[in-house]
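Here is a short tour of a protein sheet and the helices around it. Have the viewer open and follow along strand by strand.

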Amino acid sequence: MSEISVPPPEPNVLTDGLEGLQHNFITGQVEEVVKWARARSCWPATFGLACCAIEMMATGGAHFDLARYGMEVFRASPRQADLMIVAGRLSQKMAPILRRIYDQMMEPKWVISMGVCASSGGMFNNYALVQGVDQVVPVDVYAPGCPPGPETLLHAILTLHDKIQTGELLQRRSQGAGIIIEQRDGQTATSMVG
C-alpha cells in the first residue's frame, strides 16, 4: 500500500496576518517595521484604582513626559486602547468590570500590573480584594512598589516596548508574560510611602 501525503495548509494572509506571509527580504522587513510601530504606539486605557493611580498620573505629567513614548493620551474608551495599566488594589466587585474592559480592548493588547496591591493583593489579604490581577487578566509586566514611582512605571513601559518589538509577547496569548522589573524610584523593598 502506498501512503498518501497531505501537503501542509497554505498560509492565508487574510486570517493569519503577518504570520501568514512567506518571509523574504521585503516581508521580513515589513514585519520588523510593524513590531517597531506597535512598540511605539501603545495607547493606555484609564484604569486607576487606588493610590498608584496618582503616580500613574504623575508619569503622564510634564516632569516625566510620557508623550515622548507616544503615550500622551490615556484613552477613556477601551476600544481605542491596547495597553491596560492596572494601578492599585482590585476589589472583587471591580474584577468583572476590569475583565469586560480588557475583553473590549483591541488585539494585540498588553497589561502592566502597577504596585504590590495589583500584583499580589499587598497588605490587604482579605476576602474583598483580588489577590493579584493575574487571576482576572493575563499580566505582561509587573511594576513593584508601594506605590511605585513614575521612574518604575516608565521602566515597566520601556520593558514592555522591548518585548513587543522582539515579538516575544505575540507568541503567548493565554497567560501573560509575567516579567518582573526592578524598582527605579529609590525606594527599598521594606519602605512604604503612606
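## Strands β4 and β5

In this predicted model, strand β4, residues 141-143, pairs with β5 in the parallel sense, over two bridges. Look for V141, which stands opposite I179 in β5.

Helix α6, spanning residues 150-166, packs on the sheet and touches β2, β3, β4 and β5. The direction of α6 makes about 155 degrees with that of β3.

## The sheet as a whole

Zooming out, the sheet is open and has five strands in the order β1-β2-β3-β4-β5, with parallel pairing. Its edge strands are β1 (44-45) and β5 (179-180), each of which pairs on one side only.

## Around β2

Next stop: β2 (83-87). This strand is mostly covered, with five of its five residues buried. L83, I85 and A87 point one way from β2, while M84 and V86 point the other way, and all are buried.

On the β1 side, two bridges join β1 to β2, and the strands run parallel. Here A45 stands opposite M84 in β2. Five bridges join β2 to β3 (110-114), again in a parallel run, and A87 stands opposite M114 in β3.

## Two crossovers to compare

Which hand does the β-α-β unit of β1, helix α3 and β2 have? That unit, with α3 covering residues 52-60, is left-handed. By contrast, β2, helix α4 (residues 95-104) and β3 make a right-handed β-α-β unit.

How values were computed: Residues are numbered from 1 along each chain as its sequence is written. This is a predicted model: local features need pLDDT of at least 70, side-chain atom pairs count only at pLDDT 80 or more; totals for chains, interfaces and linings use all residues. Side-chain values use heavy atoms; hydrogens and water are left out. Two strands pair if DSSP finds at least two bridges between them. Helices (H or I, at least four residues) and strands (E, at least two) are DSSP runs, numbered from the N terminus. Contact means heavy atoms within 4.5 Å. Axes are lines fitted to C-alpha atoms, for helices over the stretch in contact, and angles run from 0 to 180 degrees between N-to-C directions. Buried means under 20% relative accessible area, exposed over 50%, partly exposed in between (1.4 Å probe, protein chains only). A crossover is right-handed if, with the strands pointing away from the viewer, the path from the first strand over the helix to the second runs clockwise.
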